[in-house]
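The following note comments on the structure shown below. The points begin with aromatic pairing and then turn to the overall fold and surface.

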Amino acid sequence: RHWCFKRKYLQGKRGIEKPPFDLPEFIKKTGIMEMRETVQNQEGQKTLKAQMRERVRPKLGKMDIDYQKLHDAFFRWQTKPKTTIHGDLYYEGKEFETKLREKKPGKISDELRTALACQPTPTRSHHHG
C-alpha cells in the first residue's frame, strides 16, 4: 500500500457482489449435493423441539456416502484451480484485468467487432469494382 492512498487495502471491493461458492465439477460428480439436499429437506420437516434435541444430541452417519467415489474424486479426477505464478504480487482489482496471453495484437474479438459495428474489411476487388 502506497503512503498517499486514502483508502485502506481492499476497501474498494466492498460494493462488489461476490458470486456464491460453486463446488468444483469433480466433487459434483460424486452426488454429494443431492444427498445433502435430501437430509436438509428431512431436517426442515422436523418440529422445533426435535431440531433442538438433535442439536444437543447429534446423530452421526445420516448420509450414506460411497467413500470409494470420494477417494476417486479427490485422488484421480481432481483438477488444479487457476493460481498466479510464484512471486506475482496481488493488487486490488487484479482478477478483473484481461488476460493478455489470450489476446493477440491485430486480432479483433467478436465482442469488439459488434461494439464498434465494424464492416468486414474490404478486399482489393471491392476498391476496383
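1. The model is predicted. One aromatic pair is present in the structure. The partners are F26 and F74, whose ring centres lie 5.8 Å apart with the planes at 85°. Because planes over 60 degrees apart count as edge-to-face, the pair belongs to that class.

2. Which parts of the chain does the pair link? F26 belongs to helix α1 (residues 25–28), while F74 belongs to helix α4 (residues 67–75). The two residues are 48 residues apart, and the pair thus links distant parts of the chain.

3. Are the two partners buried or exposed? F26 has a relative accessibility of 8% and therefore counts as buried, the limit being under 20%. F74, with a relative accessible area of 35%, is partly exposed, since this value falls between the limits of 20% and 50%.

4. As to secondary structure, the protein contains six helices and zero strands. Read from the N terminus, the order of elements is α-α-α-α-α-α. Helices α1 and α4, which carry F26 and F74 respectively, are among them.

5. Of contacts between residues at least 6 apart in sequence, 62% join residues at least 24 apart.

6. The protein has 129 residues, of which buried residues make up 10%. F26 counts as buried.

Technical notes
Residues are numbered from 1 along each chain as its sequence is written. This is a predicted model: local features need pLDDT of at least 70, side-chain atom pairs count only at pLDDT 80 or more; totals for chains, interfaces and linings use all residues. Side-chain values use heavy atoms; hydrogens and water are left out. Rings of Phe, Tyr and Trp (its six-membered ring) pair if their centres lie within 6.5 Å; planes under 30 degrees apart count as stacked, over 60 as edge-to-face and the rest as tilted. Helices (H or I, at least four residues) and strands (E, at least two) are DSSP runs, numbered from the N terminus. Buried means under 20% relative accessible area, exposed over 50%, partly exposed in between (1.4 Å probe, protein chains only). Contact means heavy atoms within 4.5 Å.
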